[in-house]
Amino acid sequence: VARAAGKKKVRRVSPKRGATPSRDGKPRAGAKPRKAAKPRKAAKPRKAAKPRKAAKPRKAARPRKAAKPRAAAKPRKAAKSRIVAKPRHAAAHPAPVPPTFSVQRAGASARQELLFELQRARASVKAATQGLSAGTAERPIAPGKWSIKEIVLHLSERDRVRLEEFGRTLGGQPRSWAGIEDPEMAAVNERHLAPLRGHTWDEAVRRMDSLREQLLLRLAELPAQPDDVWQRGHAFGDMVWGLPDHDRHHAEQVKRARIGDLVPVED
């Protein structure tokens, strides 16, 4: 019927629908114009980065001091004859060595010191003859010299003679062999030794030990006073003080003989 009436159906436009331009670019009727889009805010410009601090320049290394050139070695002077230099200070001198057994000697009487020296000297003889065989003891220590056995017999004989001279020397008279020199003294020793040569080695050692023991016992019986009797300068003191050196002298002979030293040592 509408068509017949020639009426055209009008197309309704939703009010909510935005106005859109027609094909010719004009806005359609009844269309609301669109709101213009809000312009975007311009982006805030970034803060410029702070420039880095320039690195401090390194200090220039100090130049090394040039090594001093070594002085040319002086030519050596011709060697002169050596002269012993004197010590600069008195302190350079070594301290004096105290006498042997100074502690034991301190405060000792002349009698005690003499007995001590007799024991020490005889110990050197015993050490020199310790373990010696009879065959070795019978051999001369050097051509024309005594054997070790004869030396031991001689030591025992000198103790025996001193025992006989006690009364004489304590009275202030000099020993019977005082002032006798070689070769006369050698003849005296030979007279004393001749009747003893028949002793064996063991008998010679026992005789030496026995007579030294008798001598020490006799000395121990004598009074310590007067003190000057026991000192050198008195007839008795001179006689007995000769024994320690005599023992050491012959002990050295025996030692040299045992190690093969044939250098003659005077009797």
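Modeller: Begin with a word we will need: a residue is buried when its relative accessible area is under 20%. Over 50% is exposed, and in between is partly exposed. Keep in mind that this is a predicted model.

Colleague: What share of the residues in the chain is buried?

Modeller: The chain has 267 residues. Those that pass the cut-off of under 20% are counted as a share of that number. Buried residues make up 27%.

Colleague: Of the contacts with a separation of 6 or more, what percentage is between residues 24 or more positions apart?

Modeller: Contact here means heavy atoms within 4.5 Å. Take the contacts in the chain with a separation of 6 or more, then pick out those between residues 24 or more positions apart. Their share is 67%.

Colleague: Are α5 and α8 roughly parallel or roughly perpendicular to each other?

Modeller: Two packed helices are described by the angle between their axes and the distance between the axes. The axes of α5 and α8, residues 201-221, come within 9 Å and cross at roughly 25°. Angles under 35 degrees count as roughly parallel. Therefore α5 and α8 are roughly parallel.

Colleague: How is α5 placed against α7, roughly parallel or roughly perpendicular?

Modeller: Helix α7 covers residues 184-193. The axes of α5 and α7 come within 10 Å and cross at roughly 95°. That makes α5 and α7 roughly perpendicular.

Colleague: Which residues of α7 make that contact?

Modeller: On the α5 side, the contact includes Glu150, His154 and Val161. Across from them, the α7 residues are Met185, Asn189, His192 and Leu193.

Colleague: Which residue forms a salt bridge with Glu157?

Modeller: A salt bridge needs a side-chain nitrogen of Lys or Arg within 4 Å of a carboxyl oxygen of Asp or Glu. Here the closest N and O atoms are 3.1 Å apart. The pair links helix α5 to helix α8, with partners 50 residues apart, and both are buried. The partner of Glu157 is Arg207.

Colleague: Which residue does Arg212 meet in a salt bridge?

Modeller: Arg212 is in helix α8 and is buried, with a relative accessible area of 4%. Beyond its sequence neighbours, Arg212 is in contact with Leu118, Arg122, Asp159, Leu243 and Asp247. One of these contacts is a salt bridge of 3.2 Å, N to O. The partner is Asp247.

Colleague: Arg162 is buried too, so which side chain of opposite charge is nearest to Arg162?

Modeller: Arg162 lies in helix α5, residues 148-164. Arg162 touches Trp177, Met239, Gly242 and Leu243, leaving out residues up to four places away in sequence. Arg162 has no salt bridge, and the nearest side chain of opposite charge is 5.7 Å away. That side chain belongs to Asp159.

Colleague: What is the distance between the C-alpha atoms of Leu114 and Leu243?

Modeller: Leu114 is found in helix α3, residues 110-129. Leu114 is buried, with a relative accessible area of 0%, and touches Trp230, Val240 and Trp241. Leu114 and Leu243 are 129 residues apart along the chain. Their C-alpha atoms are separated by 9.8 Å.

Colleague: About how many helical turns separate Glu252 and Arg256?

Modeller: Their side chains meet in a salt bridge of 3.5 Å, N to O. Glu252 is partly exposed at 35% relative accessible area, and Arg256 is partly exposed at 29%. The two are 4 residues apart in helix α9. So the separation is about one helical turn.

Colleague: How many salt bridges does the structure hold?

Modeller: Some of them share partners: Glu117, Arg120, Asp245 and Arg248 are joined into one network. Counted over the structure, the number of salt bridges is 16.

Terms used. Residues numbered from 1 in each chain as written. Predicted model: local features only at pLDDT ≥ 70, side-chain atom pairs only at ≥ 80, totals over all residues. Heavy atoms only, no water. Buried < 20%, exposed > 50% of the residue type's maximum accessible area, 1.4 Å probe, protein only. Lys, Arg positive; Asp, Glu negative; His and termini not counted. Axes fitted to C-alpha atoms, helices over the stretch in contact; angles between N-to-C directions. Parallel < 35°, antiparallel > 145°, perpendicular 65-115°, else oblique.
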